[in-house]
Amino acid sequence: MNHRTATHQASQPDVQHTHITPWRETLRQLLRSAQPHSRAFARSLWMILTAAILHGLALACIIPLFQALLDGHTPNWHTALLWLVLILLLTLTVQTLRWQAQDFDYDGMQADAIHNLRTRLGEQLRRMPLLKLQSRRTGELSAVLLGNVDENLNYTLTICGGLINGVVTPLVSALATLLWDWKLGLAMLLVFPAIIPLHRWRRPQQQKVVRELNDAHTRCHGDIIEYTQGLAVLRASRATGSHAGQLQDTVEWLERLQVDSQRQGIKANVVISSVTEAGMLLIMAAGVTWVTQGQLDLTTLAAVTIMLVRFAEPLALVFIMTGIIEHIETALIQIDELLAIEPLPQQTPAQVPQQFDIRFDDVTFAYEARPVLSGFSATLPARSMTALVGPSGGGKTTVTRLLMRHADPQHGTVTIGGVDVRAIEPERLNRLVSVVFQDVYLFDDTVLANIRMARPEATDAEVHAAARAAHCLEFIERLPQGWNTRIGETGGRLSGGERQRLSIARALLKDAPIVVLDEPTATLDTESERAVQRAIETLVKNRTVIVIAHRLSTIAGAGQIIVVDQGKALETGTHEALLAGNGRYAALWAAQQRAKQWRAGSA
């Protein structure tokens with residue numbers, strides 16, 4: 001076993017002692033997931049249950065029908081006709097109930113419930129803290145939003161119907177048989193309920209395997225998407241084979257789990273099928289013995305034989321259905337876990353800042369027990385530019401994330417215009433801050449749509465004005481369909497500078513009073529940097545601006561520079577004042593100047 005495989009297996013959750021969810025709780029989960037059609041779903045289940053009871057009674061009526069036709073020398077046609085009519089009426093009612101129960105599927109309620117559940121999950125993604133969201137892989141979230149939702153309800157009614165029919169119909173028939181022959185009825189009751197202890201014996205291992213398989217599928221989904229998205233980089237670095245090791249290990253791990261589950265399933269199914277078949281044979285053997293001893297008439301045994309043959313298939317399907325139910329339950333658990341993540345608490349009453357100065361007061365923040373900020377305090381004046389500089393991992397990006405409320409600090413406050421960001425409604429806070437990231441994310445949509453997403457109600461003229469101010473028109477006009485050109489996944493059909501300028505146009509259209517610039521020119525060539533810099537100059541006018549920078553020469557003119565290191569604001573001042581202080585900033589500046597001289601000398 002290689003190292004990666006061992007690491008993968010070691011990282012899997014221990015589900016050996018996983019809590020077994022009661023069927024009642026599984027039913028509640030199903031009903032919750034069927035909103036807003038929970039009542040209709042419950043009504044369909046009741047119809048299926050009622051149909052299964054009536055079906056059991058109809059099968060039991062074969063006994064008096066046979067007795068009327070075959071007992072004695074002359075058939076009792078009148079009695080036989082009454083029982084036949086009753087069987088037909090029960091059968092017709094059974095089929096009608098089953099057909100009406102399928103209205104949940106046929107009338108579109110199932111599709112609407114799936115859409116509603118997926119919408120609720122989408123809304124939850126918008127509510128949940130972004131740092132929690134960012135800790136989850138895209139592919140794994142996709143597996144929950146797509147695979148688990150579809151697995152949850154697509155065939156649930158059919159599966160529940162098969163399970164109810166396989167258990168309830170034989171049980172009712174056995175109970176009804178007691179009315180005509182208590183010994184044969186009791187024998188049936190002793191055999192058919194054997195599926196309950198058999199299921200209880202099998203379920204813990206079955207649930208463990210299903211949850212391991214679900215986890216493997218989810219991880220495999222995540223690895224495939226990650227590998228596909230990074231394929232261009234992997235090819236360029238000639239690492240497609242080596243980096244595929246993790247994906248290969250995941251696929252092999254999934255294969256092993258599938259093989260093991262099949263082997264375990266075969267063993268369990270052989271045991272269960274053998275017990276069920278043996279039980280039916282014992283009933284037949286007991287019946288034949290009682291017939292030969294004169295304790296049972298042959299017509300009753302013949303009728304019960306037909307019933308037993310009719311029960312064989314539903315009973316065989318019961319255990320297949322329970323396995324599928326375990327898959328559904330695992331999907332429900334993952335969906336519930338995602339829905340259970342609480343949004344950040346909102347202070348009341350909600351407040352609206354009238355000024356846009358920003359203050360961090362003794363802020364401490366740790367993510368998953370890893371300290372990031374410790375006693376960070378700073379004041380960022382309104383309508384001015386503040387640059388955050390310092391080594392990677394010092395806490396600069398976390399400062400901006402706390403401002404945008406991706407998470408809340410464990411201690412201290414972040415305020416805008418004197419208003420705690422926790423008292424600002426999320427939608428309003430989003431309107432107050434525009435962000436231009438170093439890594440721009442654009443959607444596989446048109447140029448027009450990608451800019452307009454900042455303010456969906458904006459007119460075409462307003463979108464065009466924002467693009468003009470961001471110096472986008474020159475490259476938009478060269479595109480094949482101009483404004484209506486689709487720019488590919490993550491904007492892949494545009495250059496880095498073009499993507500960055502579209503991002504700035506989006507921020508200009510949003511027209512937020514606070515702007516965060518996260519190294520927007522760090523990865524651009526000289527020409528693209530000049531174009532982006534001109535766009536940024538337009539964007540930052542009369543706004544409160546926060547710039548995260550590593551190249552100190554780009555922020556030398558900032559009104560205020562804060563050196564962030566080890567989670568603290570070590571130094572604050574202008575470029576000249578910090579150089580004169582001969583502290584941490586001066587050391588960083590000197591190091592960068594030496595690096596420039598070295599590069600110039602090398603050239």
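**Local backbone and burial features**

Ser-44 is buried in this predicted model, its relative accessible area being 5%. Ser-44 belongs to helix H3, which spans residues 38-60. When neighbours within four places in sequence are set aside, the contacts of Ser-44 are with Ala-101, Phe-104 and Leu-157.

Cis peptide bonds were examined next. The bond from Gln-35 to Pro-36 is cis, with omega near 5 degrees. Pro-36 is located in the loop that connects helix H2 (23-33) with H3. Thr-348 and Pro-349 are likewise joined by a cis peptide bond, for which omega is about -5 degrees. Pro-349 lies in the loop between helix H15 (298-339) and strand E1 (358-367).

Positive phi values in residues other than glycine were also considered. For Asn-542, phi is near 60 degrees, and the residue is not a glycine. Asn-542 is situated in the loop between helix H22 (526-539) and strand E8 (544-548). With a relative accessibility of 61%, Asn-542 counts as exposed, because that class applies over 50%.

Gln-566, a residue other than glycine, has a positive phi near 55 degrees. Its position is in the loop between strand E9 (560-565) and strand E10 (568-573). Gln-566 is exposed, and its relative accessible area is 66%.

Definitions and conventions. Residues numbered from 1 in each chain as written. Predicted model: local features only at pLDDT ≥ 70, side-chain atom pairs only at ≥ 80, totals over all residues. Heavy atoms only, no water. Helix = DSSP H or I, 4+ residues; strand = E, 2+ residues; numbered from the N terminus. Buried < 20%, exposed > 50% of the residue type's maximum accessible area, 1.4 Å probe, protein only. Contact = heavy atoms within 4.5 Å.
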